[in-house]
Every structure is written in C-alpha cells, then in structure tokens.
Amino acid sequence: MVLTKDELIAAFQKEVQIFVHLISKVDPAKIEYRPSAKQRSVLELVRYMTIMAPAMIESIKGGDFSREAMGAIWGTRETASKAMNWEQAVAAVGRQSDEITREVGGWTDAEFRSEISMFGQVMTRGAAMVNMVLCGYAAYRMQLFLYLKAMGREELNTINLWMGADGQM
C-alpha cells in the first residue's frame, strides 16, 4: 500500500475533522435544505455519513458485496440513521474518528494487500479503503460545502473545505 496504516488513519481522522467543521457551519433551521427535490437534504446527508464509512469498512473487511451481505451491513445502520435527529447524527459522525482508528488500526498489512472483488472490479482492500471510504469523505464534504455556499454562507472558503478551519485566504 502506498500509505502506511498510520497515514491512512490520519487521513481518515482529518476527513472526519473537516466534515465536523463543516457541519458546525450549518444553521440548524436549515437542515431540511436540499438543492433540488431528488437530492438529499442536509440532514439526510449527515445521516448518510453516519453510515458510509463504518458500513464500507465492514464490507471491505468482509469482502462479500452480494446484495444479501450489503443489505445486512447497510440495512440496520440505515434504519438507525433515519431515526436520528440532527444532534444525534452530528454526534455519530463526530465519533467516527475514534471508531475508524480502532477498526482500521487492527488490520494487518496482509489484510490491506489482500484482494477482493467489489462490484466486478478486483482490487486490494487497501485500494478499496482509499477509493471508496477516503474518497467518499472528500466527495461528501464537498457536497456539504456546496450546500452551505448555496445557503448563503459566503464567508466559507478553501480553508474551510480543505483544512477544516476558519481563516482568510
């Protein structure tokens, strides 16, 4: 793997930190905002983020991407996330840094290098972790950032998006 396990964990921790920073910029009165009728609302996006990384990591570790296996892993989490209010969803995302550290920290180098077949593509578990989970965080933080900008948060800038901090450009 190109990244060491510690570098991958640090990258996950940074992504969670950035996402939580962006969540802190959401006006709770606007959590039902959605850019269009078929897109997730802010609340639905944050609820989804309570599931995405933990479910993908479990799926990648297990290596079974059948409809049944994915349904078992995602189904329970999705039901629980839909019952979360804003504060619960935000707290659940905030806990992911420690949860991912515990889960991924237990993986061996051999597990990261072992191959899986995911949706018709053969890749290593390490590549799947980077391409599906780490890149997933980057994609969804960009989505949240764009929602915030569309809601009028004009003061937010690249520092908020890439560093997870307030600051002038």
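**Close-up views of salt bridges and a helix pair**

**View 1. Salt bridge between Glu-15 and Arg-141.** Glu-15 forms a salt bridge with Arg-141, and their closest N and O atoms are 2.6 Å apart; a salt bridge is a side-chain nitrogen of Lys or Arg within 4 Å of a carboxyl oxygen of Asp or Glu. Glu-15 belongs to helix α1 (residues 5-23) and Arg-141 to helix α7 (residues 125-150), so the pair ties together parts that are 126 residues apart in sequence. Helices are DSSP runs (H or I, at least four residues), numbered from the N terminus. Glu-15 and Arg-141 are both buried (buried, under 20% relative accessible area; exposed, over 50%; partly exposed, in between; 1.4 Å probe, protein chains only). The structure holds eight salt bridges.

The model is predicted: local features need pLDDT of at least 70, side-chain atom pairs count only at pLDDT 80 or more, and totals for chains, interfaces and linings use all residues. Residues are numbered from 1 along each chain as its sequence is written, and side-chain values use heavy atoms, with hydrogens and water left out.

**View 2. Salt bridge between Asp-166 and Lys-25.** The N to O distance in this salt bridge is 2.8 Å. Asp-166 lies in the segment after α8 (158-163) and Lys-25 in the loop between α1 and α2 (42-62), so the bridge ties together parts that are 141 residues apart in sequence. Asp-166 is exposed, at 53% relative accessible area, whereas Lys-25 is buried, at 12% relative accessibility.

**View 3. Salt bridge between Glu-44 and Arg-34.** The side chains meet at 3.0 Å, N to O. Glu-44 sits in helix α2 and Arg-34 in the loop between α1 and α2, ten residues apart. Glu-44 is partly exposed, with a relative accessibility of 33%; Arg-34 is also partly exposed, at 28%.

**View 4. Packing of α1 against α5.** Helix α1 packs with helix α5 (residues 96-105) at an angle of about 160 degrees, and their axes are 9 Å apart. Axes are lines fitted to C-alpha atoms over the stretch in contact, and angles run from 0 to 180 degrees between N-to-C directions. The two helices are therefore roughly antiparallel (over 145 degrees). The crossing is right-handed, meaning that the near helix is turned clockwise from the far one by less than a right angle. Contact (heavy atoms within 4.5 Å) involves residues including Leu-8, Ile-9 and Phe-12 of α1 and Ile-100, Thr-101 and Val-104 of α5.

How values were computed: Parallel < 35°, antiparallel > 145°, perpendicular 65-115°, else oblique.
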